[in-house]
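The sequence and the structure are shown first, and the description follows.

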Amino acid sequence: MTQPHIDRLASGLLAQTEAFADAVDGTDWDAFVPTCPQWRLRVLVGHLGQAPRWAARIVRGGSADGVPDPQEAAPPQDWRAWLLAGAAELVEAVREVGPGTPVWTVAGTGPATFWLRQSTHDTSVHAVDAALLADVPYALEPDLAADAVTQGLELLSSPVTATLKPAVASLRGTGSIGLRPSEESIEGWVITRTPTGVSWRRGRGPTDVTVTGAVEDLLLVLMRRLPPQRVTIDGDGQLFDHWLAHSAL
């Protein structure tokens with residue numbers, strides 16, 4: 001599958017880091033984040049400061065050991081600059097080594113752009129978390145929202161994922177789910193559950209349940225940031241409910 005160019009991912013990461021910082025500014029850092037209910041906002045800030053720096057270290061050939069604990073993060077006084085510098089560090093690392101350079105990833109060896117792509121989409125979703133907490137508008141660019149859906153399906157269909165997230169094994173079985181963006185310019189997805197795991201393809205076709213909505217809403221429902229009522233569900237709604245209950249990464 002074609003991935004966004006490194007420049008597109010870089011601009012998306014920096015823009016969504018800015019959007020997150022804007023939403024966080026003036027918000028109570030001790031508040032629990034409703035869409036990340038186990039985390040206070042300060043922990044989310046710590047995560048977005050630590051994660052890209054950890055990923056940059058991996059891209060540059062460092063060890064994946066020592067996953068940073070956002071509970072222990074201590075954002076500096078100029079936390080906005082700290083967040084943006086972390087995002088920029090990851091972009092620089094990928095440019096330095098080359099986007100196609102093989103590196104360790106959670107799903108096995110992959111290109112260095114895996115981590116830029118992962119960080120871009122993770123930051124985008126957390127920018128929405130912050131916006132929902134602060135009750136301010138948010139916006140995800142359709143092409144990047146679509147790529148976030150694709151990346152999620154790539155991870156869910158990887159044999160490695162079920163060993164890391166045992167709940168994902170519950171997605172094995174039968175039944176198919178169609179995801180149909182309302183934007184005519186964006187292809188949909190067809191997900192098929194099999195006894196050995198999940199498979200998927202881009203496009204449209206007959207499925208047991210079809211979920212239709214703006215691609216931004218499709219992503220945020222799949223990420224359990226918005227309720228399923230935000231999209232239109234036709235067919236076996238229980239199948240889609242089961243997917244939502246077991247597909248958290």
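## Sheet, hairpin and surface patch

In this predicted model, five strands make up an open sheet with mixed pairing, and their order is E7-E6-E5-E8-E9. Strand E7 (197-202) and strand E9 (232-235) are the edge strands, each of them pairing on one side only. On average, neighbouring strands of this sheet are turned by 15° against each other, direction ignored.

At one end of that order, strand E8 (residues 209-213) pairs with E9 in the antiparallel sense, over four bridges. Within this pair, Val211 has Ile233 in E9 as its bridge partner. In a regular strand, side chains alternate between the two faces of the sheet.

Another antiparallel pair is formed by strand E1 (residues 32-33) and strand E2 (residues 36-40), joined by two bridges. E1 and E2 form a hairpin, with two residues between them. Here Phe32 has Arg40 in E2 as its bridge partner.

| Pair | Sense | Bridges |
|---|---|---|
| E8 and E9 | antiparallel | four bridges |
| E1 and E2 | antiparallel | two bridges |

The surface is the next topic. Which residues make the nonpolar surface patch of about 350 Å²? Trp104, Val106, Val160 and Leu164 make this patch. Trp104 lies in the loop between strand E3 (102-103) and strand E4 (110-111). The relative accessible area of Trp104 is 44%, so Trp104 is partly exposed. A patch takes residues with over 30% relative accessible area, and Trp104 has 44%.

Methods
Residues are numbered from 1 along each chain as its sequence is written. This is a predicted model: local features need pLDDT of at least 70, side-chain atom pairs count only at pLDDT 80 or more; totals for chains, interfaces and linings use all residues. Side-chain values use heavy atoms; hydrogens and water are left out. Two strands pair if DSSP finds at least two bridges between them. Axes are lines fitted to C-alpha atoms, for helices over the stretch in contact, and angles run from 0 to 180 degrees between N-to-C directions. Patches are made of residues with over 30% relative accessible area and no salt bridge: like charges are joined within 9 Å, nonpolar side chains (Val, Leu, Ile, Met, Phe, Trp, Tyr) within 5 Å. Accessible areas come from the Shrake-Rupley method with a 1.4 Å probe; for residues, only the protein chains shown count as cover. A salt bridge is a side-chain nitrogen of Lys or Arg within 4 Å of a carboxyl oxygen of Asp or Glu. Buried means under 20% relative accessible area, exposed over 50%, partly exposed in between (1.4 Å probe, protein chains only).
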